[in-house]
Amino acid sequence: MTTTESRPPHDGSAGQPGPVVRTTAGSVRGRREAGLAVFRGIPFAAPPVGEARFMAPRPARPWDGIRDAYAFGPPPPQDLGGLGGPGLLDVPEGDEWLTVNVWTPEPDPAARRPVMVWIYGGAYKLGHSGSPGYDARHIAADGDVVVVSLNYRVGMEGFTFIEGAPANRGLLDQVAALEWVRDNIESFGGDPGQVAVFGESAGAGSVASLLTMERASGLFRRAIAQSVPGTFFSDALARDIGTALAAEVGLRPTVADLATVDPHRLTSAGETLSAKMLQYVDRWGQAAPTVTPFSPVVDGEVLPTGPWQALAAGSAKDIDLLVGHNRDEYRLFTAMAGRLGQITEEQAASALRLFAPGGEQAYRAAFPDASPGELYERVQTDWLFNMPSLHLAEAQRAGGGRAHVYELTWPAPGNGGALGACHGLDIPLLFGTYGADLGLLLFAGVEPSAEALSLSSRFRASWTSFARSGDPGWPAYDDERRLVQVLDAEPVVTAYPEETSRRLWEGYDFPPLPLL
């Protein structure tokens, strides 16, 4: 590959031409921005198209000369419906989806700073590391760390069962990016022996997956999982959903059939099926209401078992783990569906029957004064994010490892506070990107208050401290005191606040979702 054309920096700032760093595939030039050296759009693998379509990632093609690393790489093909788009700025077109970005105080090999590798969420069907909400300048500068973000295949390209292709291709992309970090990050001022992966929602599910994958062993030392979804598919369920996805374009779920379809056109299959998944509740059970036909698959090879089972067996006992959730996770989805304050008794009963581990009456008895809307949100918050996150910490403890736990209870200020501490609120707080992506909804034009800025600073200080030392600033979780950090206007360390839910879910280990 020849030297690439120079492009303006992607965040809209002028920036200045920055240092040149040599990677294993060739040299890259970054920009100086706000006291950092920033490199964007560096390939960590070859474009997964043509003969490489639906295959495990292959090594990046080397280039001659100096490649200007000024612009984020193109996003992977994805479903932009339902949850909304990823808030992209102007990005180049093309098939070079598998790229990394680096924010570093200084690309000095002698610096050996801690490294934090960000994995985006998006229901395993959308996302892009170039989204403005993931601008990592504040994390890198405030914490004196090197931050890396990466693209990975989502949707049909990354997670659908396809005969003749490896499962969990999106996870294999993440492993390839971590191998790039191992081989190159020292030249950017990072320490390859001090790598922490961190991600939110599907990104946290990816982190949980990496903790179980033998292929990821030795590639990171610490892991931060923000709002871990409990939705992992069994092999049988993944095959059935894959067949339904392929049928949406009149094909079979095979490499031979699907490789003939343009990647961007293939996303329509996921969009169409997502809109009618509830029709499959008798076959797909709890997976049906999630409106995403994509998830990591416990295939016995890439993922030999589910994260909760793997951690309990000691798969990650030598990895420091920080995991937590937001108090009102499901409120975001209720609001986006236009159902706030409109949940009926029938809808609440249906959700309780489908998701409550002890049955509908167990939840009603535990929360006797809850309204239909509160029960509807409570059981889905617990099933989808809160209990999977807590139980990941408990599994880590059972397997001989350490885990620190948090809960975010500070309410989003936008919309009069109606969204509470909902799903995704931790992203603008952590990155300091209040006016981008989800921040636009959760802050809704409200200037961040001194309280918000203080909490945001605490997020970054805790996360970067953990990346540096394995200690976020509060005690590790144990089975007796159950101490967690509650993140609010006045953060406090206390016993796990959701004790009622914890007892309802005690002993549940989040097995892969079955085909009914």
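This is a predicted model: local features need pLDDT of at least 70, side-chain atom pairs count only at pLDDT 80 or more; totals for chains, interfaces and linings use all residues.

Visitor: Which residues make the contact of α5 with α7, and how do they divide by class?

Guide: From α5 come I241, A244 and L245, and from α7 come A269, G270 and L273. By class, five of the contact residues are nonpolar, one is polar and none is charged; Gly is counted among the polar residues.

Visitor: Why are α11 and α13 called roughly parallel to each other?

Guide: The axes of helix α11 (residues 345-355) and helix α13 (residues 372-398) cross at roughly 25 degrees and come within 8 Å. Angles under 35 degrees count as roughly parallel, and therefore α11 and α13 receive that description. Their crossing is left-handed.

Visitor: Which residues of α11 and α13 make this contact?

Guide: On the α11 side they are E345, Q347, A348, A351, L352 and F355, and on the α13 side P372, L375, Y376, V379, Q380 and W383. The residues of this contact divide into nine nonpolar, two polar and one charged.

Visitor: How do you know that D320 forms a salt bridge with R222?

Guide: The term requires a side-chain nitrogen of Lys or Arg within 4 Å of a carboxyl oxygen of Asp or Glu, and the closest N and O atoms of D320 and R222 are 2.8 Å apart, so the pair meets the cut-off. The structure holds 32 salt bridges.

Visitor: What makes D235 and R239 partly exposed rather than buried?

Guide: Buried means under 20% relative accessible area and exposed means over 50%, with partly exposed in between. D235 has a relative accessible area of 26% and R239 has 40% relative accessibility, so both values fall in the partly exposed range. The side chains of D235 and R239 also meet in a salt bridge, at 2.7 Å from N to O. Both residues lie in α5, four residues apart, about one turn of the helix.

Visitor: Where do D328 and R331 stand, buried or exposed, and what joins them to other residues?

Guide: D328 and R331 are both buried, and their side chains meet in a salt bridge at 4.0 Å from N to O. Salt bridges with shared partners join R327, D328, R331 and E377 into one network.

Visitor: Why does R502 count as buried, and which residues is R502 in contact with?

Guide: R502, which has its place in helix α17 (residues 499-504), has 4% relative accessibility; the cut-off for buried is under 20%, so R502 counts as buried. Leaving aside neighbours within four places in sequence, R502 is in contact with M387, L390, E394, Y477, R482 and Y496.

Terms used. Residues are numbered from 1 along each chain as its sequence is written. Side-chain values use heavy atoms; hydrogens and water are left out. Axes are lines fitted to C-alpha atoms, for helices over the stretch in contact, and angles run from 0 to 180 degrees between N-to-C directions. Helices (H or I, at least four residues) and strands (E, at least two) are DSSP runs, numbered from the N terminus. Angles under 35 degrees count as roughly parallel, over 145 as roughly antiparallel, 65 to 115 as roughly perpendicular and the rest as oblique. A crossing is left-handed if the near helix is turned anticlockwise from the far one by less than a right angle, and right-handed if clockwise. Contact means heavy atoms within 4.5 Å. Buried means under 20% relative accessible area, exposed over 50%, partly exposed in between (1.4 Å probe, protein chains only).
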